[in-house]
Amino acid sequence: MESAGFYMLGCVGLLLIGTGLPAYAVLIGVATLFAALGVAAGAMPFNLLTALPSRLIGLLENDLLQALPLYVLMGALLNRLPLADILFRAGNAAFARTRAAPLLSAMGLGAMLAPMNGSVGASVATLSRILQPRLRSHGVAAADGLAVVCVASTLGVVVPPSLVLILLGDAMLRAHTEAVNATHVAVRIINTQDVFRGALVPAGIFLLLAFVLAWWIGRREPPTPARERLGWGHRLVALGTAGFILLLLAAVVLGYVYAVEAAAAGAMALLLAGLATRTLTAEIMREVLRDTMAVTGALFALLVAATTFTLVVRGFGTDRLLAEFMAVLPGGPDVAVAVGLLALGLCAFVLDAFEIIFVVIPLLMPPLLMRAPDAVWVAVLALLALQASFLIPPIGYAVMMARSLGGEGVALPPLVRALLPFLGAQVLVLGLTLALPALTHVAAAKLESETPTKPPLSDEEVRKALQSIPLPPLPEEPPK
Amino acid sequence: MMVAWLDRADRAVGAAVAAGRWLALPVSVLLFAQWPLRDLVHAYSTDANDLAQWLFALYVSLALTYATRMRSHLAADVLARRYPASARECLARLGAILCIAPWALFILVVGTSEVWQSLRGLEHFPETLSPGYFLVKVSAWLLALLALAQALIDALRPRRER
């Protein structure tokens, strides 16, 4: 019965596509059915299932998950306030000398909003709404515009401190803990901060390549009809926003603030900016709060469902079977990583990043980390593989969503041609990171070397410190 | 008679979960405030965090059902969007009654004793000893209760006239 977990995954895939039911309902339904069968057949102890309410409570008291509604609130505010529009116009004005201005500006907007990114789906929705009509009005070819919207929407997968990165960091922490407990290797368990720092250099290289490609594609576009004019107020807003985002990013990467606090600061700044500029009216506020709750509920439902699903899969012992499979894979750790990345890539065709992080990562990563112990490297590779998979036409998640949100008229062949250079850049960064694991440790090593450390204590100081520790009172003599 | 009851229950659940949307604001303010409270005031940071924790728990317990009512759950409906509306409605009813309702009922039955004990003892947060931890457990129970109520309403609601 250990293979039951694989049948569960198969059932989820079939029911998701075949019924169109919400992913959380399918996950819960399949888990409930298999749990009932497992208990009836004696393959799973009923007591294991009674842990479910406690696991649910564990989700509600998870500090990191508090960031979830904050990111969603930021996304909803950006969607309803004119800030993203101002940033796009400011970028257009800044790059006015080149014909590639609209595409460069679109990519820049994606990069600026990436750290505040909630999900790929939410980013596609925001950027499609803002960028597609504007790119069309600037005469940008529809396929080129759609390709840039798709790429810009997935930047949040690799640019910290986006929600995807926070949640993957948490999932990797758990997976690494499991792997270390199983292998008894004495290493430090990675945390979210390690994943942020690990992703910095590969994400930076990809961003650079994406800008170069946007310029390369954009220079063939027709000249912009009229130069963008931007008032001083809007220039200040654009500069202030860019400065604020960079400051927040630096504070999180350097460890001055926790990701949850950074997300809260971002949400508060957007709320205050909206109130100060009087663009956040009572009506818009109601819409923002409605969107925030609906999206938060959807994401949390997925988390609850994934918790139920993985509990049942583990109840059958499928995780052990997966670990055995990974252990006997020939070819060393690199082959195991490649197989793991391929599995993630295939999942990304039908699942959003959150579904993969909540359902697939907890099952796949512990055995993978037993073979390939560099957890930061594996986490960054997973992010890059996910990002690439979202962009593979025609069924990559971002591509599919962007086409359904205003890109219906774009034929597939020109879209494939427009996306190919970006996919090439992603394969290049993925290959570089695969070949050079050190790329994922450069930023952390640099930051740690610049952090002043105290000199080691002398023997005398150690003796004094030990003497200053108050000793516990001696137990009283028992009465004779 | 049954339809009137379902309508009333639907309105009550709708009003309860929609009222919770304002909780996003205090959660944001409290989570932001813990930064200056920790680094500048050097006090009350953990209180702000604990308060935000149970408000967050309450918020997401309402949000799950709100998302169901707003039909904002993530779904891969590339194929199913081509089905006739009646088939999709039938699938949605089956999903509610076969997937969500048994799971929510199981959580309610198995989790009741733990939640009741916590509520009776007005359990405090284990690390900081701040009051209100029982509200986190009650929120988990509430989440399941609302999910069950919504699943039953969705499954039993009469078909809409076309």
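**Entry 1: the salt bridge**

I began with A:E261 and B:R38, whose side chains meet in a salt bridge at 2.5 Å, N to O. I note at once that this is a predicted model. The 2.5 Å separation lies within the 4 Å cut-off, so the pair qualifies as a salt bridge. I then asked how many salt bridges the structure holds over all chains. The total is 18. The A:E261 to B:R38 pair crosses between chains, running from helix α13 of chain A to helix α2 of chain B. Between chain B and chain A the count is one salt bridge.

**Entry 2: polar contacts and the chain B side**

Next I looked up polar contacts across the interface of chain B and chain A. I found nine residue pairs, both residues at pLDDT 80 or more. Which elements of chain B give two or more residues to the side that touches chain A? I listed α2 (24–41), α3 (45–70), α4 (85–120) and α5 (133–156). The largest share, 14 residues, comes from α3(B). By residue class, I read 39 nonpolar, eleven polar and eight charged on this side of chain B.

**Entry 3: extent of the interface**

I checked the contact counts. On chain B, 58 residues are in contact with 63 residues of chain A. Interface size is often quoted as the accessible area lost when the parts come together. Here chain B and chain A bury about 5100 Å² between them. Carbon and sulfur atoms account for 75% of that area.

I noted 30 lining residues; closest to the pocket centre are A:D63, A:L64, A:Q66, A:Y258 and B:N49. From chain A, α10 (163–183), α11 (192–218) and α13 (259–276) each give two or more residues to the lining, as do α2 and α3 of chain B. Which element gives the most? I found α3(B), with five residues. The lining divides into twelve nonpolar, eleven polar and seven charged residues.

Terms used: Residues are numbered from 1 along each chain as its sequence is written. Chains are lettered from A and ligands numbered from 1 in the order in which they are written. This is a predicted model: local features need pLDDT of at least 70, side-chain atom pairs count only at pLDDT 80 or more; totals for chains, interfaces and linings use all residues. Side-chain values use heavy atoms; hydrogens and water are left out. Contact means heavy atoms within 4.5 Å. Buried area is the accessible area (1.4 Å probe) that two parts lose on being put together, summed over both. A polar contact is a pair of N or O atoms within 3.5 Å; within protein, one must be able to donate a hydrogen and the other to accept it, and residues adjacent in sequence count only if both atoms are side-chain atoms. Helices (H or I, at least four residues) and strands (E, at least two) are DSSP runs, numbered from the N terminus. Ala, Val, Leu, Ile, Met, Phe, Trp, Tyr, Cys and Pro count as nonpolar, Asp, Glu, Lys and Arg as charged, and the others, Gly among them, as polar. On a 1 Å grid over the protein atoms alone, a cavity is a set of points where a 1.4 Å probe fits but cannot get out, and a pocket is an open set with protein on both sides within 12 Å along at least five of seven lines; lining residues have an atom within 4 Å of a point.
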